[in-house]
Every structure is written in C-alpha cells, then in structure tokens.
Amino acid sequence: MTTTLPQPRQFVYRLSDNLRDETPAFGVRRSAPSEGEREELLLSKLGAKGWGRLHHFRNFYSAGWGGGTGKPLSPRALETFYRFLESARFPETSMPSVFLTDEGTIELCWEDQTGKAVQVEFRPSDIELYLEADEVEESVPASEAKALASRLAP
Amino acid sequence: MPISPDEDVVRAILTDKWDGQRASPSLFKGQNVSVSRLAIIPLADHWDIFRSRLENPPERRLERIGEINVGRLQEIGRDYAHPIELTVEPKPEDWNRAHAEIPQNITRGLANKIVSALKLHKPPAN
C-alpha cells in the first residue's frame, strides 16, 4: 500500500506587494547618540565643571531669565555643539569654559598653545569663531562643526 | 550726551558668564551693552541692585562685578584692528538710575579685548 505525501506549500508567509520595499540599502546610518553617550562626551571633553554648567543652563534658564529678555538654550545650537565636541581636541593645559549667551547660544572659550584666546559660539544655524592669534573673526555653517573642530585641534 | 572719559562704569557678571576661571566675551558683544555708572551709585551699592534685578532664576548668582574706565574703553576701541569710536550714553532705568549703554556694535574680537581689561571685584564678605 502506498500513500502520497501532501504537496509542500511553497510560501507560508507572503508579503503583499504594497509592503515590499525594493529600495536598495545604500549604507548603514549610525543611530543618534543616546543621552548617556552625550553625558560621557561632555565629561571627557569639558570635565565635571563643564558638564555641570551645561546641565545648569538646560534645567534652570527658561525664557525671560536675567533681566527678562534672556532666551532659553537653543536645541539646534546644542546639537551643533555636540557635533563639534565629538571631534574636538583641546590643549592639555587649557580646559575650555562653557557659557550661555543672552541669545540662548553656547560659547566655548579656551587658549591655544601660545596662550592666545580661541572662542567659538554655537548658534542655531552657524558657528562664530574668534582666533586672537590671527585676529580672525568669521562664521561657518553649522554643518561644518566637525571640520571646524579638526581645524582648531592642537 | 555721552558720559565723560574720566568716569568708571561697571557690568554685572553672573553665573552664565563666569565659570570661576574666565569671563565670557559675550558680556560686551553686540549693541546697547548695559553698564552702570559709579559716579551716580557707588560700587558697594551695586551688589544689591544687581542681585535684586538679575538673579533670576535664583540659581543664577552675581559672581563678580567688572569695572572699566570709559577713557580706557574708548582707547581699546580706537586701538583695535578695526577701529571704532565707542561712547557710553546715560540711560537711567526705574531699577537703576546709574544705568547707561554702549550703543555701538561691538564684535567678538573687540569684546575679548574689553573683557581682558576689566578689573574684577569679588562679592563683599558678609
């Protein structure tokens, strides 16, 4: 006596055509850094004082701070600041100072290896730069934060 | 009418512009920077005036008062790479009758020179 096995089903699960994504994967995108990674970044680049000051600015300075016209820390300026920090290196003898401006932007100040001032202000769409050694005052687009950090590295 | 080069003016320096080591150049950057005249109100009285007006939020503390002579301020402006004639104009306010402003637009580089020339006063011991 012989029996026949049932025909195997070719497709157990079938994705409907409208859910298929035929777009080829062009690359892998790095996910945005977590809050914890950013805290680590701040601590490693600016020390406990810089980390604490940024925390202070983010949590206590709401619109109208100071005499009534102070603006809260700009989220876009903060993003640019983090991108800069990822690639930034500072002279071992000059830990940068971090300040909040009345416009809600972030200012980073340190001295180069000859003791001359280096100042960078992170604004929502650009970065203002001052180099005392060359008497240079200029601004670059926020998208060039990493390139600027490399340029200023000792 | 601009105030005399002989006068001395002060600027409040609070937590956001002072980290215990450096003062922020943005203290003097931009237009209409506020200062206060020591010829009208003595330094000792400025501590209470600045505290009551500017310590907002309460975590923002008056850390230093920066003092500069008006003539010295003008000299720094004239000697800068891009010379500028700075003036200080009286602009009394309800909360501070000694209030004055520097109307010219001060760049970051020039502000850096001015901040470096400030005489910094610590809060008086209680």
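Two strands are said to pair if DSSP finds at least two bridges between them, and the strands themselves, of at least two residues in state E, are DSSP runs numbered from the N terminus, as are helices, which are runs of H or I with at least four residues. The structure is a predicted model, in which local features need pLDDT of at least 70 and side-chain atom pairs count only at pLDDT 80 or more, while totals for chains, interfaces and linings use all residues. Residues are numbered from 1 along each chain as its sequence is written, and chains are lettered from A and ligands numbered from 1 in the order in which they are written.

In chain B, β4(B) and strand β5 (residues 99-102) run antiparallel and are joined by two bridges, with P90(B) standing opposite A100(B) of β5(B). This pair belongs to an open sheet of six strands in chain B, whose order is β4-β5-β2-β1-β3-β6 and whose pairing is antiparallel. Because β4 (89-90) and β6 (119-121) of chain B stand at the edges with a single partner strand each, one side of each has no neighbour in the sheet.

The loops of chain B hold some backbone features of their own. In the loop between α1 and β3 of chain B lies P57(B), and the peptide bond that joins N56(B) to P57(B) is cis, with omega about 0°. N32(B), in the loop between β1 and β2 of chain B, has a positive phi of about 55° although it is not a glycine. N32(B) counts as exposed, with 12 C-beta neighbours inside 10 Å, since a residue is exposed if 12 or fewer other C-beta atoms, placed from the backbone, lie within 10 Å of its own, buried if 20 or more do, and partly exposed in between.

In chain A, E135(A) lies in the loop between β4 (126-131) and β5 (136-141); E135(A) is not a glycine, yet has a positive phi of about 50°, and is exposed, with 12 other C-beta atoms within 10 Å. E40(A), by contrast, is placed in helix α1 (residues 35-60) of chain A and counts as partly exposed, with 13 C-beta neighbours inside 10 Å.
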